[in-house]
Amino acid sequence: MKVPRLDDNIDQPAEAALIPAAWVRLRDMVAARTPADGRTDALYPGLRCYRFSRPVRYEKTQRLTPGVVVVLQGRKTAHLGGDRRSLDYGATQCLVLGAEVACLGTVVGASADAPYLAIHLDLPPDVLVKSFVALAEGGALAAEPARVTENFTAPVALEVVEAFARLLLATDDPMDRRTLAPLAVEEIVLRLLRSEAAAAIRSAGAVTRAGARIQTAIAFMRRHLSRPLSVAEIASHVHMSPSHFAHSFREVAGVTPMRCIRDLRLEEARVLMLGAGLRPADAAAKVGFESAAHFNRAFRRRFEATPAEYVRRAQSG
């Protein structure tokens, strides 16, 4: 299929129509990795690409963790939260999701010749906290505006686009996926936190007070995914009361502790099924799901397919 020029879908003056090669490269990489309409997950946790060849409305509401969606071609409208606030964004723009939020999306600009193309990255809570702490200590966080909007659209810096291209390329090789991909994710997070997106992702005040402990808590979760974990146990590990820990964790990381544990387990199970060839039931047990039915329901909510369907789709693609 002929991939149209990126600037065919951008409303801007003629003198600004020259798009940097990095944009075209990332757009073409996403096009090559989305053989069919819909969502295509990368092997790297939290990274996925989208293609739609016609306008389409997402009829169901999904829960999204803090993240960033970069649109490379076409346009989309997102309706966020209970009041259904509407945000419209297109090529060379991104949607920043600053907290767990209900999102109902409508692709409004797409065709067979110029499909909607986008890349979405969930911002890992541990990377967010680590980056927040480092920037706060160095005085390098972007100034927080008087009014913080948790979800908003903004132009995407070229440096972020280049980091996304490196991340996507690193997912193709197992060694690069383990070593280089995390570095690209850290760069994306750091660059977002040094922009106006910082306030939308998370308030820096809470991070400077509790960030180090939350980072330690997430590391503890990762080490003990295979066994039952409670908020009280994790809070005790970082010397906080359960109520204060739960509040601080949500404020800093953008999700509840139990939601974070569940997502970490689902991502690890996905890697075990695709990378190590484990059966869904075995992967579920290895990462701490006591019930196969619970694992199947949670997996379907997150990845829009049952574990068996997801593996078949990944292997056929």
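User: In which helix is isoleucine 218 found?

Analyst: Helices (H or I, at least four residues) and strands (E, at least two) are DSSP runs, numbered from the N terminus. Isoleucine 218 is found in helix α7, residues 204-223. Please note that this is a predicted model, in which local features need pLDDT of at least 70 and side-chain atom pairs count only at pLDDT 80 or more, while totals for chains, interfaces and linings use all residues. Residues are numbered from 1 along each chain as its sequence is written, and side-chain values use heavy atoms, with hydrogens and water left out.

User: Is isoleucine 218 buried or exposed?

Analyst: Buried means under 20% relative accessible area, exposed over 50%, and partly exposed in between (1.4 Å probe, protein chains only). Isoleucine 218 has a relative accessible area of 1%, so it is buried.

User: Which residues does isoleucine 218 touch, not counting residues up to four places away in sequence?

Analyst: Contact means heavy atoms within 4.5 Å. By that rule, isoleucine 218 touches Pro125, Asp126 and Phe249. Isoleucine 218 and phenylalanine 249 are 31 residues apart along the chain, and 9.5 Å separates their C-alpha atoms.

User: How should I read two residues of one helix, such as serine 248 and proline 242?

Analyst: Serine 248 is found in helix α9, residues 242-253, and proline 242 is found in helix α9 as well. Serine 248 is buried, at a relative accessible area of 5%, whereas proline 242 is partly exposed, at 42%. Leaving aside neighbours within four places in sequence, serine 248 is in contact with Ala210, Ile214 and Met240. Proline 242, with residues up to four places away not counted, touches Val231, Ala232 and Ala235. Proline 242 and valine 231 are 11 residues apart in sequence, and their C-alpha atoms are 6.1 Å apart in space.

User: What are the totals for the chain?

Analyst: The secondary structure comes to 13 helices and 11 strands. Of the 317 residues, 50% count as buried. Among contacts between residues at least 6 apart in sequence, 71% join residues at least 24 apart.

User: How many aromatic pairs are found in the whole structure?

Analyst: Rings of Phe, Tyr and Trp (its six-membered ring) pair if their centres lie within 6.5 Å; planes under 30 degrees apart count as stacked, over 60 as edge-to-face and the rest as tilted. A search of the whole structure finds seven such pairs. In one of them, the rings of phenylalanine 299 and phenylalanine 303 have centres 4.5 Å apart and planes at 45°, so this pair is tilted. Both phenylalanine 299 and phenylalanine 303 are buried. They lie four residues apart in helix α12 (residues 292-303), and so are separated by about one helical turn. Phe289, Phe295, Phe299, Phe303 and Tyr310 form one aromatic cluster.

User: Which residues have a positive phi although they are not glycines?

Analyst: Threonine 92 has a positive phi of about 70°, and glutamate 304 has one of about 60°. Threonine 92 is in the loop between β7 (85-90) and β8 (93-97), while glutamate 304 is in the loop between α12 and α13 (307-316). Each is partly exposed: threonine 92 has a relative accessible area of 21%, and glutamate 304 has 30%.

User: What is the volume of the largest pocket, and which element gives the largest share of its lining?

Analyst: On a 1 Å grid over the protein atoms alone, a pocket is an open set of points with protein on both sides within 12 Å along at least five of seven lines, a cavity is a set of points where a 1.4 Å probe fits but cannot get out, and lining residues have an atom within 4 Å of a point. Grid points are joined across faces, edges and corners, and a volume is the space filled by probe spheres set on the points. The largest pocket has a volume of about 880 Å³. Of the 33 residues that line it, the closest to its centre are Tyr44, Pro45, Arg222, Leu264 and Glu267. The largest share of the lining, nine residues, comes from α10.

User: How many cavities of 30 Å³ or more are there?

Analyst: The count comes to two. The second largest cavity holds about 40 Å³ of space, and the residues that line it include Tyr44, Glu267 and Phe303.
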